Amino acid sequence: MTAAFSYVLLLVFAVVRAGVPHNLVSKCKGGKSVHGQVFKNIDGEEVKMSKYKGSVVLVVNVATFCGYATQYIEMNALLEKTLKQKLEIIGFPCNQFSHMEPGLNKSEILNGLKHVRPGNGFVPKIDMMEKADVNGKNELPLFTILKDLCPSPRNAKYDKMKCTWNPITPRDIMWNFEKFVIDADGVPIFRYLPITTPSAIIDSLKEQSIL
């Protein structure tokens, strides 16, 4: 075995052990609970964030026609495990990135998931919320707090042809399927870029004894 090959193996091993590459995740400032936030679910019913007290929560801005929509399958699989006792996943449909969530209501959004992407009769097990903005002047207050407490893992570049909000700021969510982790006390602790898979995040949280 050459020295160069050994070095490559060490690098691969380090990335595997790290779980999530450092340039895909940032640590939140912490200290402020979001359990006081209120929003609506996909049925139009009021939801209090405090209902998730005691569970680790993964908050995701989702979009049916995004390539990352295959992550829905992973999220379902995670919730089918015993993790359900400690983990909750909340999806907020959002149409601000290349209009990839055109569904206007529960029926249109769920039928898109069922027949288009992921398709094959897919039914989400995550808690689906009402369609909302995550950036701009009409953004959901929960996301205002999350973005204030959790810096973006990477300096973002926004294509104004694909981003439909105004004004655009450096703290904004970059794309569909960006993720935030909130601990059992309601305090945001991590922010992940969209490419980070739900499974990798959960594995990382387990390694840190957060789950």
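What share of the contacts in the protein with a separation of 6 or more comes from residues 24 or more positions apart? The points below start with that.

1. **Contacts.** Residues 24 or more positions apart account for 73% of these contacts. Contact means heavy atoms within 4.5 Å.

2. **Ground rules.** This is a predicted model: local features need pLDDT of at least 70, side-chain atom pairs count only at pLDDT 80 or more, and totals for chains, interfaces and linings use all residues. Residues are numbered from 1 along each chain as its sequence is written, and side-chain values use heavy atoms, leaving out hydrogens and water.

3. **Overall fold.** The protein has 5 helices and 8 strands. These are DSSP runs, numbered from the N terminus: helices are H or I with at least four residues, strands are E with at least two. Along the sequence, the pattern reads α-β-β-β-β-α-β-α-β-α-β-β-α.

4. The protein has 211 residues, and 49% of them are buried. Buried means under 20% relative accessible area, exposed means over 50%, and partly exposed lies in between (1.4 Å probe, protein chains only). The protein exposes about 10,800 Å². Carbon and sulfur atoms supply 55% of that area. Accessible areas come from the Shrake-Rupley method with a 1.4 Å probe; for residues, only the protein chains shown count as cover.

5. **Helix H4.** Look at residues 141-149. Leu 142, Phe 143, Ile 145, Leu 146, Lys 147 and Leu 149 are buried there.

6. **Glu 130.** This residue sits in the loop between strand E6 (127-128) and helix H4. Glu 130 counts as partly exposed because its relative accessibility is 38%. Leaving aside residues up to four places away in sequence, Glu 130 touches Lys 40, Asn 41, Ile 42, Gly 44, Phe 92 and Pro 93. Asn 105 is 25 residues from Glu 130 in sequence, yet their C-alpha atoms are 7.8 Å apart.

7. **Backbone points to check.** Most residues other than glycine have a negative phi, and most peptide bonds are trans. Ser 98 has a positive phi, near 55°. His 99 also has a positive phi, about 55°. Ser 98 is partly exposed at 28%, while His 99 is exposed at 52%. A cis peptide bond joins Arg 117 and Pro 118, with omega about 5°. Another cis bond runs from Asn 166 to Pro 167, with omega near -5°.
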